[in-house]
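This report describes the fold, the surface and the side-chain contacts of one protein. Please consult the sequence and the structure shown below while reading.

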Amino acid sequence: MDDRADWDDLRERRMAEPGAAEAYEAARIAFELGQTARELRERAGRLVLRRRDALVANRRIPPAAPVLVSATLAPGTTSAPGYPSAT
């Protein structure tokens, strides 16, 4: 018996167990929710970076900017391009 047939057999047996369909559906929903949350975090991160870059480019940097800029930096970096170190 090949590997594919083994997995198909295992899946059939597992899905025949009581509650398996409900558990599968709950896992699918949780996975999709996680994907959506990640997508939103990535979009928000890009927006923050665009705002930071616009502030730096226009030199319209508010007094609290060093903290805000340092919060948006990639791990291991100490300053944004064109902006002095935030530390």
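How many helices and how many strands does the secondary structure of the protein comprise?

## Secondary structure

The model is a predicted one. Its secondary structure consists of three helices and zero strands. Read from the N terminus, the order of elements is α-α-α.

## Burial and surface

The protein has 87 residues, of which 11% are classed as buried.

## Packing of α1 and α2

Two packed helices are described by the angle between their axes and the distance between the axes. Helix α1 spans residues 3-15 and helix α2 spans residues 20-58. Their axes come within 8 Å of one another and cross at roughly 105°; α1 is therefore roughly perpendicular to α2. On the α1 side, the contact is formed by Arg11, Arg14 and Met15, while α2 contributes Ala20, Ala21 and Tyr24.

## Aromatic residues

How many aromatic pairs does a search of the whole structure find? The search returns zero such pairs.

Technical notes. Residues numbered from 1 in each chain as written. Predicted model: local features only at pLDDT ≥ 70, side-chain atom pairs only at ≥ 80, totals over all residues. Heavy atoms only, no water. Phe/Tyr/Trp six-rings, centres within 6.5 Å; stacked < 30°, edge-to-face > 60°. Helix = DSSP H or I, 4+ residues; strand = E, 2+ residues; numbered from the N terminus. Buried < 20%, exposed > 50% of the residue type's maximum accessible area, 1.4 Å probe, protein only. Axes fitted to C-alpha atoms, helices over the stretch in contact; angles between N-to-C directions. Parallel < 35°, antiparallel > 145°, perpendicular 65-115°, else oblique. Contact = heavy atoms within 4.5 Å.
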